[in-house]
Amino acid sequence: MWTRLLSTSYYRCFECRSGGPKGIWRSRAVHTCSTPALPAGKITPLQAVSLWKRHFEENGVTEPEQSSQYIIAHLLGAKTIESLEQERLTQFLSREQTEQIWKLCTRRLSRMPVQYVIEEWDFRDLILKMRPPVFIPRPETEELVELVLTDLQMKNVSADAQHTCLEVGCGSGAISLSLLKSLPQLKAIALDQSQDAVDLTRENALRLGLQDRLQIHHIDVIKDAETLLRIIKPVSALVSNPPYLFSEDMASLEPEIFRFEDPAALDGGKDGLKVIKQVLTLAPQILSNHGRLYVEVDSRHPPLIRQWVEANVHALQFKETRHDITGRPRFCILQKE
């Protein structure tokens, strides 16, 4: 999976490996970078990878080698440099190919994420179209899908066409489309406050042939709560990867994030719980009996969510917290009783 190969520094998770939220974040200062001149003569893909790796390194671009490899492999019709034959890598590029490499690598030089540069990315077994400012799905969210999928499979969704899943904050459609691809009898409803996200989800659904089982709505879960409750019938599962960053941490994001991704998909308010609390409040009115809510959160959130639900949402029971692959508490599972 491409998502597994781009490692961590701006892409994987918003929290540092050593425990605090600011460990992998950097200053917002972005230096002006000059683009290297197009070579006068011919150049091979391997030479282009080496040249751009060096230029990315000199200009402080995150993951310079992976960035140059992905972009150039993409232009050669492959996912990775390693998947291309050596002969292909040592053949001279055409002038048109060279110019295209320079064009895309210059975008990366501006700190545009590789996912936006090549305009697509893998999520589980899907290839999704990507474009700014729609939120790029992180690898942790693949784990969220696995949690939901496991529970739905235990409910024998594969044999029951009545099960429906609602996703709040669909972004590119990664969660809903991945669930639909894995469960042919499932239906899904996806909503987002961003028209860009709604449009991209619709485009990805059409490309994957899943549009007939997916409803997509341009709805702000906070501002349009009454509309949401009016159009949604009870669902078996409610899943969300909402904005959950603490507002104070927004100023420390990597340039790849703060310059290109939608702040509304990241900023969860003072305590990171602004949207999450709204989802928790609405969940009992949206879920069918014993239906479950799955939400991806900041590692500081699970005890806060448990306390808040016990005090404010009596129809919802906090079931458990699950950890992500790095060992951090990342997913909260709640159930309507």
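Buried means under 20% relative accessible area, exposed means over 50%, and partly exposed lies in between (1.4 Å probe, protein chains only). The legends below describe a predicted model, in which local features need pLDDT of at least 70 and side-chain atom pairs count only at pLDDT 80 or more, while totals for chains, interfaces and linings use all residues. Residues are numbered from 1 along each chain as its sequence is written, and side-chain values use heavy atoms, with hydrogens and water left out.

**View A. His290 in strand 7.** His290 belongs to strand 7 (residues 287-296); helices (H or I, at least four residues) and strands (E, at least two) are DSSP runs, numbered from the N terminus. Although His290 is not a glycine, its phi is positive, at about 70°. With a relative accessible area of 49%, His290 is partly exposed.

**View B. Glu63 in a loop between two helices.** The loop that holds Glu63 runs between helix 2 (45-58) and helix 3 (64-75). Glu63 is a residue other than glycine with a positive phi, near 50°. Its relative accessible area of 8% makes Glu63 buried.

**View C. The cis peptide bond from Pro132 to Pro133.** Omega of this bond is near 5°. Pro133 is placed in the loop between strand 2 (126-129) and helix 7 (139-154). Most peptide bonds are trans, and most residues other than glycine have a negative phi.

**View D. The cysteines Cys105 and Cys332.** Cys105 is buried, at 0% relative accessible area, and Cys332 is also buried, at 0% relative accessibility. The structure has zero disulfides, a disulfide being a pair of cysteine sulfur atoms within 2.5 Å.
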